[in-house]
Amino acid sequence: MMTSKTFRARRLPAHGVESGWAALIPPRTPTPELDRTITVDVVIIGAGFAGLAAATRLAHLRPGLSVAVIDADVVGNGASGRNSGFIIDLPHDISSGNFGVDAVTKSHNEIVVARTAIQHYARLAEENGWDKYVFDRSGKYSVAMTDAGTEHLATYSSKLNSLSEPHQLLGAEEIEEVTGTRSFKSGLFTPGAVMVQPTALVRAIADLFREPVRLFERTPALSIETSSSGCTVKTPKGELRAGRVILATNGHAESFGFGTGQLLHLFTYASLTEPFDPSTLAGSRKWGATPAAPMGTTVRRINEADGDRILIRSRYTYNPKIEVGAGSIKCASDLHDRKFADRFPDHRHLKMQYRWAGAMALTWNSVPLFGQVDDCIFAACACNGIGGTKATAAGIATAELVAGHRSQLGEIFRSFEKPQALPPQPFTDVGARLNLAYRQWRAGRE
């Protein structure tokens with residue numbers, strides 16, 4: 001017999017200052033908040049990459065299923081609208097470790113996960129006529145600032161050859177033709193990645209929902225109650241009764257008591273310049289590059305109606321309370337200014353117009369918090385970075401699990417181990433901070 005349980009939210013999301021992506025597009029008119037009691041088949045908590053993908057996949061698999069998606073904020077204000085806008089199809093770390101049979105299988109599985117997410121967005125883009133501002137299958141670059149970075153790209157290239165993945169190594173002059181700066185020693189281009197305007201992307205998906213899928217913004221979940229009759233999700237002004245609940249809250253799963261002692265809460269930071277005259281910087285007007293070294297600096301050039309802009313993303317911090325203060329943004333800002341000047345010395349006079357932070361959740365063994373976590377409750381959480389692909393795929397896989405649909409993606413997610421317990425305190429806090437500091441120091445100029 002099912003035991004009644006109540007999972008109360010100990011805290012609500014606190015996203016901090018507005019992201020540059022949100023500032024660049026017209027303000028959103030949110031859907032009305034929930035102000036009554038409704039009954040649906042499935043409640044999805046969280047309208048980011050995972051929650052939106054779960055709702056879209058459920059609607060595709062079970063068109064008659066009634067689904068309610070709720071979000072504590074306005075769609076696009078959360079972590080999914082705060083990243084650097086890469087939907088990456090290849091694993092970051094195939095160049096490390098022994099590349100044996102297990103590593104090949106792991107890499108192939110990671111590629112399936114990522115490309116399932118990309119295919120999901122590609123279908124929506126085609127069906128709804130999204131332009132390249134929202135979704136652009138442009139590929140991406142990896143760039144090196146140092147000789148060590150160039151060696152890393154060469155090693156990565158050899159592993160891509162082992163996987164028969166197309167790519168192109170670029171010398172200093174070739175990458176300068178792309179970026180317009182002589183600061184990079186080398187580069188590597190992979191054609192399968194996608195560049196998005198992340199806030200515009202998630203808002204475009206949210207605007208697609210029609211009955212029987214409904215979206216309620218500014219509607220935080222305060223508690224989840226389970227009983228023999230199903231689940232009840234209580235909100236400030238209403239409640240939802242459903243047979244199933246999908247938690248698509250990434251690190252905030254812990255706020256409800258799920259993943260406690262298993263999730264590491266990190267923030268990464270971005271800065272976006274004021275617009276500048278595109279004629280003052282050669283190269284392509286639209287490109288994106290990840291660093292040759294892990295924990296290095298991501299760079300994007302975007303073109304807007306008022307001119308071009310450069311995005312810099314760098315620095316990671318451990319924040320177990322899942323929020324950041326002004327001091328953390330200030331420290332990241334100082335670093336971003338140095339990173340920008342190092343890469344674009346002729347444009348060091350440009351000011352950063354927007355600065356912001358975004359949350360991510362990791363597990364000790366780099367697996368998601370996925371699947372049924374209690375009676376009637378399923379999780380698509382802990383993206384472990386690269387949220388555009390991993391969180392999206394987790395949402396799709398969770399929807400398939402709820403709907404009873406089997407797929408290659410679902411088999412991969414079901415094969416994951418459960419998240420491992422973190423070391424006891426204070427070892428987790430101290431270890432996380434020291435590990436981040438060491439890895440960022442090791443990245444150096446990259």
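**Rings and cores**

Modeller: In this predicted model, Arg 315 lies over the face of Tyr 269, at 5.8 Å from the ring centre.

Colleague: What makes the distance of Arg 315 from the ring centre of Tyr 269 count?

Modeller: CZ of Arg has to be within 6 Å of the ring centre, and the value here is 5.8 Å.

Colleague: How many aromatic pairs are there?

Modeller: The structure holds 7.

Colleague: Why is the pair of Phe 7 and Phe 258 called tilted?

Modeller: The planes of Phe 7 and Phe 258 stand at 35°, with the ring centres 4.7 Å apart. Under 30 degrees would count as stacked and over 60 as edge-to-face, so 35° leaves tilted. The pair also links distant parts of the chain: Phe 7 belongs to strand S1, while Phe 258 sits in the loop between strands S15 and S16, 251 residues apart.

Colleague: Why is the pair of Phe 413 and Phe 416 called edge-to-face?

Modeller: Their planes are at 80°, which is over 60, so the pair is edge-to-face; the centres are 5.2 Å apart. Ring pairs join Phe 413 and Phe 416 with Phe 370 in a cluster.

Colleague: How do you know whether Phe 413 is buried or exposed?

Modeller: Its relative accessible area is 4%, under the 20% limit, so Phe 413 is buried.

Colleague: And what makes Phe 416 partly exposed?

Modeller: Phe 416 has 32% relative accessibility, between 20% and 50%, so it counts as partly exposed.

Colleague: Which residues touch the most other members of the largest nonpolar core?

Modeller: Among its 53 residues, these are Ile 44, Leu 58, Val 69, Trp 130, Phe 135 and Leu 201. Apart from that core lies another, of 27 residues, including Phe 7.

Conventions. Residues numbered from 1 in each chain as written. Predicted model: local features only at pLDDT ≥ 70, side-chain atom pairs only at ≥ 80, totals over all residues. Heavy atoms only, no water. Core = buried A, V, L, I, M, F, W, Y, C linked by side-chain atoms within 4.5 Å. Buried < 20%, exposed > 50% of the residue type's maximum accessible area, 1.4 Å probe, protein only. Phe/Tyr/Trp six-rings, centres within 6.5 Å; stacked < 30°, edge-to-face > 60°. Helix = DSSP H or I, 4+ residues; strand = E, 2+ residues; numbered from the N terminus. Lys NZ or Arg CZ within 6 Å of the ring centre and 35° of its normal.
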